[in-house]
Amino acid sequence: MEKRALITGITGQDGSYLAELLLTQGYKVYGIVRRASQDNCQRLEHLLPCLTLLQADLLDQTSLMAALEEAQPTEVYNLAAQSFVPASWQQPILTAEFTAVGVTRLLDALRKVCPQARFYQASSSEMFGKVRESPQTETTPFHPRSPYGVAKVYGHYITVNYRESYGMFACSGILFNHESPRRGVEFVSRKITQGVARIKHGLDEELRLGNLEAKRDWGFAGDYVRAMWLMLQQDEPDDYVIGTGQTHSVEEFVRLAFEHAGLDWRRHVVIDPRFYRPAEVDVLLADASKARRKLGWQPQMSFEQMVYAMVDADIAALSRAAKPQARAA
Ligand code: NAP
Ligand code: F7E
């Protein structure tokens, strides 16, 4: 049978890596994009000839049903969300519409149009929030600390509920932070590596950040999309925690990134209270032993390799951008 995948959020960081993986596995890949006045497929440019993009929106049930009818997918990956935690305090209702109720819209459309399709929901370690135990597993109770985290808890449980109510093959991947050179520039990892590159190129003197003490279990996005795919290849649907089992502070990330570029972070980083959050997630640490045991999954890129790759990519991008100016001068 032809393997056909539909990805929501294909224009995002994970969507681009997942599309690459599925194309190499021989899938016909469809992606849902929402209408915008300007093209925002930069992360997909190298893949566009191989993809079929369909216009739909998580806010619009009719468009989701039409996309499913057209793609007739065997696998659906729901990666679309309002995914930036600070924005969820500014737009809590919109976040709930996209990130929580949007999951029900998609699951219910799936139930009506192609109930046999396998479904992946992008759940998050933000659901653990003020952690009740460490490390966190699939059975650790949730205590979300942001409207985003609360919305993801809803998305997780509605996925479990559709599996239990309708026998759908629906999986929830509880993924810890994962980064890459394609990460959005507002997330702390990319903000740091882009900041380092700008300082290195003499474009900025300082980098303004918030809480440097927060700790995250950071991995490489390319490794994590492999886990998503593996979940949908199992005999039974289930939920899995995906992370590295190591935690690092924002300060460690900063120090490594600056040192890699030959810079002293203490001369450039300024603490700015504007970037503190109303409620913080202090420390996250994954126990991904179930994924290791059942999926045979483990991360391949180390934390240090990932930080260095992101710094190198941002420095190289600025060097490329600077070249025509140098010639003109
Ligand atoms: P991202 O880069 O922010 O991408 C989000 C995607 O969702 C974009 O393609 C965006 O489209 C799309 N989208 C947003 N609202 C939509 C709507 N109403 N209708 C249709 N599409 C919409 O996120 P990511 O880092 O790739 O993460 C992918 C998923 O995993 C998200 O659900 C995120 O919450 C979750 N997650 C991420 C991490 C992580 O560390 N990266 C960890 C755990 C869970 P536009 O391009 O049009 O904005
Ligand atoms: O913050 C601290 C901030 O915005 C990480 C999303 O993909 O992962 C991501 O959520 C930490 C926090 O990611 C700045 O306070 C300090 O403690 O990179 P972040 P996040 O909030 O962990 C989860 C798993 C998701 O599911 C989300 O979708 O860094 N921090 N200074 C800062 N954070 C930002 N953004 N900017 C700063 O200046």
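Colleague: Let's start with T139: is it buried or exposed?

Modeller: Quick note before that: this is a predicted model, where local features need pLDDT of at least 70, side-chain atom pairs count only at pLDDT 80 or more, and totals for chains, interfaces and linings use all residues. Residues are numbered from 1 along each chain as its sequence is written, chains are lettered from A and ligands numbered from 1 in the order in which they are written, and side-chain values use heavy atoms, with hydrogens and water left out. Now, buried means under 20% relative accessible area, exposed over 50%, and partly exposed in between (1.4 Å probe, protein chains only). With a relative accessible area of 69%, T139 is exposed.

Colleague: Which side chain does T139 join in a polar contact?

Modeller: A polar contact is a pair of N or O atoms within 3.5 Å; within protein, one must be able to donate a hydrogen and the other to accept it, and residues adjacent in sequence count only if both atoms are side-chain atoms. For T139 there is such a contact, at 3.0 Å, and the partner is the side chain of T137.

Colleague: On to salt bridges: how many does the rule count?

Modeller: The rule asks for a side-chain nitrogen of Lys or Arg within 4 Å of a carboxyl oxygen of Asp or Glu. Side chains of opposite charge can pair when their charged atoms come close. Here the count of salt bridges comes to 17.

Colleague: How many residues apart in sequence are the parts that E20 and R182 tie together?

Modeller: E20 and R182 form a salt bridge, their closest N and O atoms being 2.8 Å apart. E20 lies in helix α1 (residues 13–24) and R182 in the loop between β7 (178–179) and α6 (188–200), so the parts they tie together are apart in sequence by 162 residues.

Colleague: Which residue forms a salt bridge with D238?

Modeller: The closest N and O atoms of this pair are 3.1 Å apart, and the partner of D238 is K290. The pair links distant parts of the chain, with D238 in the loop between α7 (221–231) and β11 (239–242) and K290 in helix α9 (residues 289–295), 52 residues apart.

Colleague: How much area is buried between domain 1 and domain 2?

Modeller: The domain assignment, automatic or from a database, gives domain 1 (4–179 + 219–242) and domain 2 (188–216 + 247–282 + 301–322). Buried area is the accessible area (1.4 Å probe) that two parts lose on being put together, summed over both. Carbon and sulfur atoms give 60% of the area buried between domain 1 and domain 2, which is about 1,000 Å².

Colleague: How many residues of domain 2 are in contact with domain 1?

Modeller: Contact means heavy atoms within 4.5 Å. The C-alpha centres of domain 1 and domain 2 lie 28 Å apart. On the domain 1 side 11 residues are in contact, and on the domain 2 side the number is 10.

Colleague: Last one: which side chain makes a polar contact with that of H248?

Modeller: H248 is found in strand β12 (residues 248–249) and is buried, with a relative accessible area of 9%. Leaving aside neighbours within four places in sequence, H248 is in contact with A214, K215, R216, W218 and F303. Its side-chain polar contact, at 3.3 Å, is with Q246.

Notes
Helix = DSSP H or I, 4+ residues; strand = E, 2+ residues; numbered from the N terminus.
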